[in-house]
Amino acid sequence: MPTVKEYNGYGKELEDILGLQTSPIAVKMLKKEADIPKGAIRPKKDRGYHLAQCQAFSMSRRERTAVAMLKEDNWCPGAVLSYGIVPKPDIPNAKSQTNGEYFEYGKYIGILTAPLKTAKFVPDAVILYCDTNQLRIMLLSLKNEDRDQVKSNFFPFSCNNAVVPVILHNEYWINLPDPGEYARALTIAGEMMFSIPKDRLPGFVEGLRGTERNVSGFADESMTMRPDFPQPDLYKKVFKAWGMDHE
């Protein structure tokens, strides 16, 4: 397993290669309070207020802050339900508002997040907030055999599907930030969430190195509506074989 320092290095590489506007988030599920590193913010205890989990994500990626969210810190049902911090309510309307898998009730007391490049812990998963071009680059960097491990979800709660199935099944997940996250956690229009399980991160970063230039012959071009644009070599070869113009 990579060391904390190596995971920090992956965080810096992801920011540099992709040109991310905010830090990739290191995510760790907490089984006991002793797992919370010194300096991590406890919203209710340290600042006297509650947060939704998406707001804690935002603090970690934008303010580069470590945030530990336990039961008493939460102000939205999505995370405490999803992470098994509270039991599922026997309320029909509440049940209809939930989507996705949950961690076993009582297994965890909370969740810890921090910028990946400065986290003081080995993460269970990593969440990147990216635009669609950055997402495309990441997806194209995956090996063919790994592409069936990419799952997606477009419904609330995004704090659920960005964490729970990623850890449970060792899968990549694409999520659309849900309405609450967009309204309350400074999510920018057009941002998507891409989650990576910890065991896949080293290979993922290795595949991403140099990918921005290699996965597409158009990676370095400016956006333009240009007829007869310069074709990559593969295009030229197949067009020639088909008897089509290719120069």
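# Legends to the close-up views

**View 1. V166 and its surroundings.** Apart from neighbours within four places in sequence, V166 is in contact (heavy atoms within 4.5 Å) with A125, N161, E171, W173, S195, I196 and P197. The model is predicted, so local features need pLDDT of at least 70 and side-chain atom pairs count only at pLDDT 80 or more, whereas totals for chains, interfaces and linings use all residues. Residues are numbered from 1 along each chain as its sequence is written, and side-chain values use heavy atoms, with hydrogens and water left out. V166 belongs to helix 8, residues 164–169; helices (H or I, at least four residues) and strands (E, at least two) are DSSP runs, numbered from the N terminus. With a relative accessibility of 0%, V166 counts as buried (buried is under 20% relative accessible area, exposed over 50%, and partly exposed in between, with a 1.4 Å probe and protein chains only). Between V166 and D124 the C-alpha to C-alpha distance is 8.8 Å, although 42 residues separate the two in sequence.

**View 2. D124, a buried residue without a salt bridge.** D124 sits in the loop that runs between strand 3 (110–115) and strand 4 (125–130). D124 is buried but forms no salt bridge (a side-chain nitrogen of Lys or Arg within 4 Å of a carboxyl oxygen of Asp or Glu). The nearest side chain of opposite charge is that of K198, 4.4 Å away; Lys and Arg count as positive and Asp and Glu as negative, while His and the chain ends are not counted. Setting aside residues up to four places away in sequence, D124 touches V27, K28, M29, I167, P197 and K198.

View 3. Seven strands, in the order 2-3-1-4-7-6-5, form an open sheet with mixed pairing (two strands pair if DSSP finds at least two bridges between them). Strand 2 (67–70) and strand 5 (150–153) stand at the edges and have a single partner strand each, so one side of each is left without a neighbour in the sheet. Helix 3, residues 53–62, packs on the sheet and touches strand 1, strand 2, strand 3 and strand 4. In the protein as a whole there are twelve helices and seven strands. Its C-alpha atoms fill a box of roughly 70 × 45 × 30 Å along the principal axes. Of the 247 residues in the protein, 46% are buried. Among contacts between residues at least 6 apart in sequence, 70% join residues at least 24 apart.

**View 4. Strand 4 and its two partners.** Strand 4 is mostly covered, with six of its six residues buried. In a regular strand, side chains alternate between the two faces of the sheet. In strand 4, A125, I127 and Y129 point one way and V126, L128 and C130 the other, and all are buried. Strand 1 (residues 25–30) pairs with strand 4 in the antiparallel sense over three bridges. Within that pairing, A26 has V126 as its bridge partner, and I25 has I127. Strand 7 (residues 192–197) also pairs with strand 4 in the antiparallel sense, over six bridges. Here P197 of strand 7 stands opposite A125, and both A125 and P197 are among the contacts of V166 shown in View 1.

**View 5. Salt bridges involving helix 1.** The structure holds nine salt bridges. One of them joins D16 to K12, with the closest N and O atoms 2.7 Å apart. Both residues lie in helix 1 (residues 4–18), four residues apart, about one turn of the helix. D16 is exposed, at 51% relative accessible area, whereas K12 is partly exposed, at 48%. A second salt bridge connects K117 with E15, the closest N and O atoms being 3.4 Å apart. This pair links distant parts of the chain, since K117 is in the loop between strand 3 and strand 4 and E15 is in helix 1, 102 residues apart. K117 counts as partly exposed at 32% relative accessibility, while E15 is buried at 11%.

View 6. The side chains of E191 and R61 meet in a salt bridge with an N to O distance of 3.1 Å. E191 lies in the loop between helix 9 (179–184) and strand 7, and R61 in helix 3, so the pair links parts of the chain 130 residues apart. Both partners are buried: E191 has a relative accessible area of 10% and R61 one of 1%. Elsewhere, E13, E206 and R209 are linked in a network of salt bridges.

Note on methods
Axes are lines fitted to C-alpha atoms, for helices over the stretch in contact, and angles run from 0 to 180 degrees between N-to-C directions.
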